[in-house]
Amino acid sequence: MQKILVVGSSNIDLVIHTKKLPKPGETVIGNKFLKNPGGKGANQAVAAARLGGQVAFITKVGNDDFGKELTALYQKEGIDCQGVLMNNSSSTGVALINVDKQGENSITVASGANKHLSVEDIMNLSSLIDESDIILMQLEVPIETVEYIIDYAGNSGKKIILNPAPAHQISDKALPKLFAITPNETEIEYLTGIRVQSEESAAQGAATMIKKGVENVIITLGAKGAYFMNENEHLLIPAPKVKAIDTTAAGDIFNGAFVVALANGKSIKESVEYACQVSSLSVTRLGAQNSAPYQHEIENIIGKEHSK
């Protein structure tokens with residue numbers, strides 16, 4: 001199996017379940033409160049590790065109780081934590097999450113130590129990049145840090161996957177060095193100006209990113225699955241039909257599953273299919289990292305499908 005490096009954010013998620021999401025100025029009484037480990041980078045690293053990936057993680061947490069708690073959790077998941085750094089001047093990142101009865105969510109993030117993951121930090125951890133085969137990143141850490149890694153690793157034959165979340169403009173110089181980009185509908189609209197409302201508009205958005213030099217574009221479409229395009233093929237890959245109770249981190253789990261499939265030598269199409277299957281299972285559970293399935297669970301599902 002190829003080695004996976006995830007670079008990104010670590011947060012503690014403070015989650016309240018409500019009947020509906022509050023409007024501006026509105027107070028809504030919640031039903032349940034949960035404190036969960038989160039952050040897009042950490043969610044993706046944990047998802048990949050649970051699916052059998054050989055995962056190292058570069059992130060920055062505060063020198064506080066939350067930071068120590070998260071580091072211990074990553075170690076328990078079997079993640080290489082050489083790149084988990086502590087910052088003495090900022091708290092660990094925190095996300096405030098509301099989840100309604102349909103499983104939809106709204107999220108507010110205080111980045112804390114995440115915004116201090118610097119280019120200098122990456123320079124000091126360059127051996128982790130050199131040793132990796134696949135690099136997965138998001139945009140909850142400074143964009144200059146992400147673009148430095150793309151530039152550093154972009155000419156080395158490594159597969160660089162960027163999940164452009166939350167939405168942020170990316171240098172046109174960085175895009176041709178990406179093996180894949182994995183925006184959702186909101187993020188592809190931000191990057192291209194094309195609103196995805198159908199398979200045709202998804203194709204238009206994906207084609208725009210292909211023209212900018214990205215090798216593979218995967219637009220995640222929630223319950224509808226994912227739209228995949230490169231120069232040779234394009235298709236809509238449906239997701240299994242499930243009853244969603246919490247969509248928090250579904251995109252992160254998709255990305256973690258996608259890189260594990262790639263690391264196991266699967267094709268892009270097979271990797272997207274696998275990621276759709278894994279993320280669909282995750283939305284039937286509460287929480288972010290807590291909802292990430294384990295390898296044996298997915299193998300059981302695949303085995304049952306093959307036996308039908």
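I started with contacts (heavy atoms within 4.5 Å): among those in the protein chain between residues at least 6 apart in sequence, 66% join residues at least 24 apart.

Before going on, I noted that this is a predicted model, where local features need pLDDT of at least 70, side-chain atom pairs count only at pLDDT 80 or more, and totals for chains, interfaces and linings use all residues. Residues are numbered from 1 along each chain as its sequence is written, and side-chain values use heavy atoms, with hydrogens and water left out.

**Whole chain**

I looked up the secondary structure next: the protein chain has 10 helices and 13 strands (DSSP runs, H or I of at least four residues for helices, E of at least two for strands, numbered from the N terminus). The radius of gyration, taken over C-alpha atoms, is 18 Å, close to the 19 Å from the globule rule for 308 residues, so the chain is as compact as a globular protein of that length. That rule is 2.2 Å times the number of residues to the power 0.38. Along the principal axes, the C-alpha atoms fill a box of roughly 50 × 45 × 40 Å. I also checked burial: 52% of the 308 residues are buried (under 20% relative accessible area, with a 1.4 Å probe and protein chains only).

**Helix 1**

I then went to helix 1, residues 40-50, and found 10 of its 11 residues buried. Among them are Gly41, Asn43, Gln44 and Arg50. Just after helix 1, I saw that Gly52 has a positive phi of about 95 degrees.

For its packing I looked at helix 8 (residues 250-263): the two axes come within 8 Å and cross at roughly 45 degrees. Axes here are lines fitted to C-alpha atoms over the stretch in contact, with angles from 0 to 180 degrees between N-to-C directions. On the helix 1 side I listed Lys40, Asn43, Gln44, Ala47 and Ala48; on the helix 8 side, Asp252, Ile253, Asn255, Gly256, Val259 and Val260. I sorted the residues of this contact into five nonpolar, four polar and two charged (nonpolar being Ala, Val, Leu, Ile, Met, Phe, Trp, Tyr, Cys and Pro; charged Asp, Glu, Lys and Arg; polar the others, Gly among them).

**Helices 6 and 7**

Last, I looked at helix 6 (residues 185-192) and helix 7 (residues 199-211), whose axes come within 10 Å and cross at roughly 50 degrees. That makes helix 6 oblique to helix 7. I found Ile188, Leu191 and Thr192 of helix 6 meeting Gly205, Thr208 and Met209 of helix 7. This contact has three nonpolar, three polar and no charged residues.

Notes. Buried < 20%, exposed > 50% of the residue type's maximum accessible area, 1.4 Å probe, protein only. Parallel < 35°, antiparallel > 145°, perpendicular 65-115°, else oblique.
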